[in-house]
Amino acid sequence: MHDSKGFEGLLDEKDEGKDLYLDAGYVGQEEIVKQHKMNPIICEKGYRNRPLTKEQKSDNRKKSKTRCLVEHVFGFEEQTMRGLVVRTVGLIRAKANVALTSLVYNISRYTQIIRLKPRATASESIIFKKRYQIFRIPGSASESLSHA
C-alpha cells in the first residue's frame with residue numbers, strides 16, 4: 001500500500017494550522033488535509049504531452065526544499081542503518097531506539113560537515129567561535145563543541 005493511502009489516521013488536532021509537505025503521490029488528497037485544518041503543500045505533477053511549466057518547476061523546487069531535508073534523514077537510516085524497522089517490546093524502548101538512531105545520524109552528519117568544510121579564514125573562525133563555545137571536560141584533554 002502506498003503511504004498516500006491511510007495517512008489520514010496520522011493527523012490530529014495538534015496539527016491544525018500547520019503546513020503539510022507532500023510529494024506528487026498525494027495529488028488529489030488536498031481535501032483530506034484541509035478537513036484537518038492544515039495547509040497542503042503538494043508538488044505539481046507533469047503528464048504526458050503536458051509537461052510542467054518553468055513556473056511550476058520553480059514552485060516545486062521551493063516546495064521540495066523542506067521535504068527533502070526530512071527525506072534525507074530517512075534515506076540515511078534506510079540505506080546506511082539497514083532500515084527503519086524498530087524491533088523492540090514496549091514504547092519506551094522504541095522511543096529510545098529512535099532517539100539513538102537520530103543521535104547516530106546527527107553525529108554522522110556532523111563529521112561529514114566538518115570533513116567537507118573548506119578551511120576557514122580568520123574572520124570565519126571568529127564567527128564560528130562566537131556561535132559555538134569550545135569547552136574542555138574537567139580532568140580531560142579532549143575538547144567538545146557545544147551549541148550556544
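**Exercise 1.** Is Cys68 buried, partly exposed or exposed?

*Solution.* Before we start: this is a predicted model, where local features need pLDDT of at least 70, side-chain atom pairs count only at pLDDT 80 or more, and totals for chains, interfaces and linings use all residues. Residues are numbered from 1 along each chain as its sequence is written, and side-chain values use heavy atoms, with hydrogens and water left out.
- Grab the cut-offs: buried is under 20% relative accessible area, exposed is over 50%, and partly exposed sits in between (1.4 Å probe, protein chains only).
- Cys68 has a relative accessible area of 49%, so Cys68 is partly exposed.

**Exercise 2.** Work out whether Cys43 is buried or exposed, then count the disulfides in the whole structure.

*Solution.*
- Cys43 comes in at 8% relative accessibility, so Cys43 counts as buried.
- A disulfide is a pair of cysteine sulfur atoms within 2.5 Å.
- Searching the whole structure turns up 0 disulfides.

**Exercise 3.** Place Arg67 in the fold and list its contacts beyond four places in sequence.

*Solution.*
- Helices (H or I, at least four residues) and strands (E, at least two) are DSSP runs, numbered from the N terminus.
- Arg67 lies in helix H2, residues 54–80.
- Its relative accessibility is 18%, so Arg67 counts as buried.
- With contact meaning heavy atoms within 4.5 Å, Arg67 touches Tyr21, Leu22, Asp23 and Cys43 once neighbours within four places are set aside.

**Exercise 4.** Sketch the whole chain: its elements and its buried share.

*Solution.*
- There are 4 helices and 4 strands, running β-α-β-α-α-α-β-β along the sequence.
- Of the 148 residues in the chain, 14% are buried.
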